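This briefing is meant for a reader meeting the structure for the first time.

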Amino acid sequence: MPVLQTPRLRLEPLDDRHFEGLHRLNRDPVVMRYITGRPDTLQDTQSMIDRVKARWAEFGYSWWGFIRREDGELIGSGCIQHLNRDPEGPLETGWRLRQDAWGQGYASEAARHMVGWAFETLTPELVCAVCQPPNVASATVMERLGMRYVGLGRWYDMECKRYEITADDWPASPGHAAWCADLAG
């Protein structure tokens with residue numbers, strides 16, 4: 001399972017050792033308002049880890065924990081998965097961060113590395129992302145990647161905006177340029 005390195009983060013495939021940090025993240029109702037609409041219980045967090053481990057085993061991709069390299073703290077998580085958890089659906093990226101990590105560029109940094117990894121390793125035709133219409137912060141990250149808005153739809157039992165970027169568009173995108181700059185050091 002791939003561990004991705006960014007300038008400030010180490011993206012580790014989520015497993016049981018991430019339980020405490022993931023539960024701290026997912027129990028925050030403000031973090032979860034656009035994801036599930038409610039804070040996670042201990043069982044919710046364990047169920048997520050169990051699902052994620054199974055998907056890593058089945059697909060070779062799923063959710064990573066965002067570990068801040070300077071202090072080893074889990075400050076977020078993000079994924080490459082199938083949209084709406086449907087194996088026939090396109091690949092999707094997504095993320096969530098602790099409130100104390102908001103506004104510092106971590107979501108954009110992690111997202112470009114997840115999307116870059118997906119295009120380089122899995123070679124999909126496109127990668128998409130969805131967010132509820134009021135979630136301006138996530139939509140901004142999608143736009144910074146070079147994704148374009150393609151419309152509203154219903155995913156994860158919510159009305160969401162969908163953004164996507166194709167494999168053909170990725171090399172000329174701002175997300176790709178930033179990813180290459182990160183990798184160059």
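Across the whole structure, a search finds 13 salt bridges, a salt bridge being a side-chain nitrogen of Lys or Arg within 4 Å of a carboxyl oxygen of Asp or Glu. The model is a predicted one, in which local features need pLDDT of at least 70 and side-chain atom pairs count only at pLDDT 80 or more, while totals for chains, interfaces and linings use all residues. Residues are numbered from 1 along each chain as its sequence is written, and side-chain values use heavy atoms, with hydrogens and water left out.

- Side chains of opposite charge can pair when their charged atoms come close.
- D16 and K53 meet through their side chains in a salt bridge of 2.7 Å, N to O; because D16 lies in the loop between β2 (9-13) and α1 (19-26) and K53 in helix α3 (residues 42-59), the pair ties together parts that are 37 residues apart in sequence.
- With a relative accessible area of 41%, D16 is partly exposed, and K53 also counts as partly exposed, at 32% (buried means under 20% relative accessible area, exposed over 50% and partly exposed in between, with a 1.4 Å probe and protein chains only).
- A salt bridge of 2.7 Å, N to O, joins the side chains of D182 and R112, and this pair links distant parts of the chain, since D182 is in helix α6 (residues 174-184) and R112 in helix α4, 70 residues apart.
- D182 counts as buried at 19% relative accessibility, and R112 is buried at 14%.
- R10, E12, D15 and R17 are linked in a network of salt bridges, which includes the pair of E12 and R10 at 2.6 Å, N to O; E12 is buried, at 9%, whereas R10 is partly exposed, at 26%.

**Overall build**

- The protein has six helices and eight strands, where helices (H or I, at least four residues) and strands (E, at least two) are DSSP runs numbered from the N terminus.
- For 185 residues, a compact globule would have a radius of gyration near 16 Å, and the protein's 15 Å agrees with this; the radius is taken over C-alpha atoms, and the globule rule is 2.2 Å times the number of residues to the power 0.38.
- Buried residues make up 52% of the 185 residues.

**Nonpolar cores**

- The largest nonpolar core has 46 residues, of which L11, W64, F66, I80, W95, M114 and M147 touch the most other members; such a core is a set of buried Ala, Val, Leu, Ile, Met, Phe, Trp, Tyr and Cys residues joined through side-chain atoms within 4.5 Å.
- Helix α4 (residues 106-122) gives the most to this core, with nine residues.
- A second, separate core has eight residues, including C128, W155, Y156 and C160.

**Helix α4**

- Because 14 of its 17 residues are buried, α4 is largely enclosed by the rest of the structure.
- At 1.5 Å a residue, α4 should span 24 Å, and its end C-alpha atoms are 23 Å apart, which agrees; the expected span is 1.5 Å times one less than the number of residues.
- L122 lies in α4 and counts as partly exposed, at 26% relative accessibility.
- Leaving aside neighbours within four places in sequence, L122 is in contact with Y61, I80, L91 and W117, contact meaning heavy atoms within 4.5 Å.
- T123 follows α4 and has a positive phi, near 45 degrees.
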